[in-house]
Amino acid sequence: MVASDIDTEPMHEHVVVKRGTRSGLPIVVAVHSTALGQAIGGCRIAHYPHWRDGFTDALRLSAAMSDKCALAGLPNGGGKTVVALPPDATPDAAARRALLHDVGDVIAGLAGAYATGPDVGTGPDDMLTIAERTPHAFCRPVDAGGSGDSSEHTAVGVLAALRALCTERFGSADLSARSFAVLGLGRVGGHVLRMLADAGATLVAGDIDETRRALADAAGAAWAGPQDCLTADVDVLVPAALGGLLTARSVPTLRCAAIAGPANNQLDAPATAGLLSRHGVLWAPDVVVSAGGIIHATAVELHHETAAQAAARVHGIADTLAGILRTARATGSTPAEAARSRARQRLRRPPPR
Ligand code: PHE
């Protein structure tokens with residue numbers, strides 16, 4: 001982040017950093033904005049060199065969630081929880097439970113300003129454990145009354161975004177005519193790969209975890225290491241792992257024509273959006289592409305919509321992205337700038353509740 005961002009962006013409303021009373025682990029809950037309504041954002045449990053790195057990540061991720069909610073037209077703001085695991089720690093079942101209860105207590109202390117959901121390192125069962133301490137947890141398992149695993153809905157949104165991106169960049173939404181490199185085969189990336197295979201796309205896939213090669217084989221995708229996947233000679237790169245992969249260093253090595261994927265915070269810094277444009281790569285803002293999970297969960301759990309209504313909202317990502325790419329083209333700005341200004345507009349004029 002550069003100084004000008006700090007000067008012009010409103011600061012976070014509320015950030016809690018607490019050493020878990022049971023787990024002893026650092027827990028960060030960042031509430032970026034409640035201007036449009038309750039702040040929502042997943043709970044990430046991940047390894048960091050130092051808890052301060054987890055803190056910085058929580059600040060960035062929660063700010064991005066405000067844009068994600070605003071652009072998705074949700075009556076919600078952005079937040080995020082990060083539990084920073086020391087590099088060598090792997091909590092066992094009991095330690096994990098303790099840590100999730102610690103998270104639940106911190107969220108309970110925010111009195112409804114923030115609700116959590118699944119993210120990197122957490123899933124529906126973890127939401128159920130958090131819910132033992134606070135009602136503010138989305139995506140509990142369906143048999144426990146929640147909307148369940150959000151990863152498939154996120155992937156459906158990614159496919160909708162890819163069709164809109166291909167229409168803008170290649171003049172056709174037909175995915176079978178295109179090649180894709182899917183980088184990261186976790187829960188969302190795995191679904192995206194399978195859906196692209198079903199659509200008849202030509203595929204390359206990669207992950208730091210070699211055991212996920214079986215997923216690539218099953219989808220008929222060529223296997224590549226993460227680095228080769230990033231620089232693969234394909235039409236579209238689909239980042240589906242951790243963020244920060246698009247940098248001043250990596251952009252010049254890209255050989256794709258366009259990028260859209262569910263990884264959060266793909267750009268290391270705002271200026272990288274300009275580098276991508278100058279390198280001839282059309283980048284779909286991750287805050288738009290990755291919104292399927294949160295759109296589905298809020299549609300079902302807050303608005304009590306049917307599966308079909310929720311699915312229609314997730315498919316709306318295609319129109320949102322198409323509009324942003326069109327605006328960017330018409331105004332000569334980057335898609336990142338077009339998305340930001342649209343989010344700002346919405347934040348200035350909150351819809352009636
Ligand atoms: N990890 C999700 C995201 O980044 C967060 C989320 C999903 C929150 C579903 C609530 C429900 O969008």
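Which residue places a polar side-chain atom 2.7 Å from a nitrogen atom of the ligand? In this model, which is predicted, that residue is Asp-119.

Good morning, colleagues. I shall begin with the ligand site and then turn to one pair of helices.

Asp-119 is one of 15 residues that surround the ligand. The closest of these are Lys-68, Lys-80, Pro-118, Asp-119 itself and Asn-264. Two of them direct polar side-chain atoms to oxygen atoms of the ligand: for Lys-68, the computed separation is 2.8 Å, and for Asn-264 it is 3.4 Å.

By class, seven of its residues are nonpolar, five are polar and three are charged. As to where they come from, two helices each supply at least two residues: α2, spanning 51–71, and α11, spanning 292–301. The helix that gives the most is α11, with three residues.

I now move to the helix pair. Two packed helices are described by the angle between their axes and the distance between those axes. Here the pair is α12, residues 307–315, and α13, residues 317–331. Their axes lie 4 Å apart, and the packing angle is about 15°. Because angles under 35 degrees count as roughly parallel, α12 is roughly parallel to α13.

Which residues make this contact? From α12 they are Arg-313, Val-314 and His-315, and from α13 they are Ile-317, Ala-318 and Asp-319. Sorted by class, the contact comprises three nonpolar residues, one polar residue and two charged residues.

That concludes my remarks, and I welcome discussion.

Methods: Residues are numbered from 1 along each chain as its sequence is written. This is a predicted model: local features need pLDDT of at least 70, side-chain atom pairs count only at pLDDT 80 or more; totals for chains, interfaces and linings use all residues. Side-chain values use heavy atoms; hydrogens and water are left out. A residue is near a molecule or strand if one of its heavy atoms lies within 4 Å of it. A polar contact is a pair of N or O atoms within 3.5 Å; within protein, one must be able to donate a hydrogen and the other to accept it, and residues adjacent in sequence count only if both atoms are side-chain atoms. Ala, Val, Leu, Ile, Met, Phe, Trp, Tyr, Cys and Pro count as nonpolar, Asp, Glu, Lys and Arg as charged, and the others, Gly among them, as polar. Axes are lines fitted to C-alpha atoms, for helices over the stretch in contact, and angles run from 0 to 180 degrees between N-to-C directions. Angles under 35 degrees count as roughly parallel, over 145 as roughly antiparallel, 65 to 115 as roughly perpendicular and the rest as oblique. Contact means heavy atoms within 4.5 Å.
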